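Subject: Structure for your attention

Dear colleague,

Please find below the structure that I am handing over to you, together with its sequence. My findings follow directly after it.

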Amino acid sequence: MYLGILWTQRNGNADPWSGNIDDFSVWDKGLTQEQIKQVYTGNMQSKENLVLQLTFDNDSDGKVIDSSGNFYDGKLINSNNPPLPPDPIPASPSGGNNIQFSGNKFSEPWEYIKIDKSSSLEIEGEITISSWIYRLNAQSDWRNLYDIPGAHLLEFSPTGGFDWRAENNNIDFN
């Protein structure tokens with residue numbers, strides 16, 4: 001899994017994320033309306049079906065810690081640990097740290113997070129992904145939030161809309 005870059009196009013335009021990310025979480029089921037409300041307000045107590053949780057609050061030495069208990073820790077690539085958010089920036093509702101990527105367009109090195117055990121994140125069936133994001137200037141280009149090669153990805157258009165794409169079936173949902 002890659003957070004902050006479109007890995008499947010790494011040899012072309014990788015559409016790197018430009019902005020901040022916090023509390024990136026993945027569940028292997030569809031959450032109920034009440035559970036979504038709990039996630040939104042920061043009151044989700046249960047870790048049942050939680051596959052991945054990156055809070056960016058306990059990271060060190062380039063390692064991004066998975067708080068779900070599944071040990072899908074990630075590695076920061078070409079980024080400080082963690083980058084400080086710019087001033088002023090809206091605070092993440094949960095407080096704590098968040099990570100910022102510059103979104104260098106065609107010029108490498110791109111900044112992103114790589115999670116090696118990504119094959120376990122190729123969830124079939126229902127899935128819920130949640131995150132707090134703050135998008136910086138996209139320079140009239142698409143920007144990728146995450147990519148699970150061979151499974152699915154989420155990218156944002158230049159106007160702020162988004163596409164969720166199931167790569168294995170080449171299906172786009174806007």
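N20 is buried, because its relative accessible area is 0%. This residue belongs to strand β2, and its side chain makes a polar contact of 2.7 Å with the side chain of N98. Please bear in mind that the model is predicted.

Strand β2 (residues 19-27) also contains D23. The phi angle of D23 is near 50 degrees, which is a positive value in a residue other than glycine. Strand β2 pairs with β3 in the antiparallel sense, over four bridges. Within this pairing, F24 has L54 of β3 as its bridge partner.

Strand β3 is largely enclosed by the rest of the structure, because four of its five residues are buried. In the loop between β3 and β4 (63-64) one finds F56. F56 has a relative accessible area of 0% and is therefore buried. Although F56 is not a glycine, its phi is positive, at about 65 degrees.

Overall architecture

Read from the N terminus, the order of the elements is β-β-α-β-β-β-β-β-β-β-β-β-β. The chain has 174 residues, of which 44% are buried. Its accessible surface is about 9,200 Å², and carbon and sulfur atoms account for 46% of that surface. Among the contacts with a separation of 6 or more, 59% are between residues 24 or more positions apart.

The nonpolar cores

Which residues touch the most other members of the largest nonpolar core? They are I21, F24, L52 and I113, in a core of 25 residues. Strands β2, β3, β6, β9 and β10 are the elements that give two or more residues to this core. A second, separate core has six residues, including Y2, A14, I77 and Y112. As general background, nonpolar side chains in soluble globular proteins tend to be buried together.

I113 deserves a separate entry. Leaving aside neighbours within four places in sequence, its contacts are M1, Y2, L3, F56, V64, G74, K75, L76, I99 and F101. F56, described above as buried, is thus one of the residues that I113 contacts.

The β9-β10 hairpin

Strands β9 (residues 143-148) and β10 run antiparallel and are joined by five bridges. One of the pairs across them is N144 with E155, the latter in β10. The two strands form a hairpin with three residues between them. In the turn, G150 has a positive phi of about 80 degrees.

Why is strand β10 (residues 152-156) largely enclosed by the rest of the structure? The reason is that five of its five residues are buried. H152, L154 and F156 point one way from the strand, whereas L153 and E155 point the other way, and all are buried.

Two glutamates in loops

E48 and E111 both lie in loops, and I describe each in turn.

E48 is in the loop between α1 (33-41) and β3 (50-54). Its relative accessibility is 58%, so E48 counts as exposed. Although 21 residues separate E48 from W27 in sequence, their C-alpha atoms are 8.3 Å apart in space.

E111 is in the loop between β6 (99-101) and β7 (112-114). Here the relative accessibility is 18%, so E111 counts as buried; the cut-off for that term is under 20%. The C-alpha atoms of E111 and W17 are separated by 8.3 Å, while the two residues are 94 residues apart along the chain.

Confidence in the model

The average pLDDT of the protein chain is 78, and 75% of the residues score at least 70. Confidence is highest in β3, with a mean of 94, and lowest in strand β12 (residues 171-173), with a mean of 59. Over residues 81-86 the pLDDT is below 50, and in the model this stretch has 16 contacts beyond near neighbours in sequence. Where pLDDT is low, the predicted coordinates should not be read in detail.

With kind regards

Terms used. Residues numbered from 1 in each chain as written. Heavy atoms only, no water. Buried < 20%, exposed > 50% of the residue type's maximum accessible area, 1.4 Å probe, protein only. Pairing = 2+ DSSP bridges. Contact = heavy atoms within 4.5 Å. Areas by Shrake-Rupley, 256 points an atom, 1.4 Å probe, with all protein chains shown as cover. pLDDT = per-residue confidence, 0-100. Core = buried A, V, L, I, M, F, W, Y, C linked by side-chain atoms within 4.5 Å. Polar contact = N/O pair within 3.5 Å; in protein donor to acceptor, adjacent residues only side chain to side chain.
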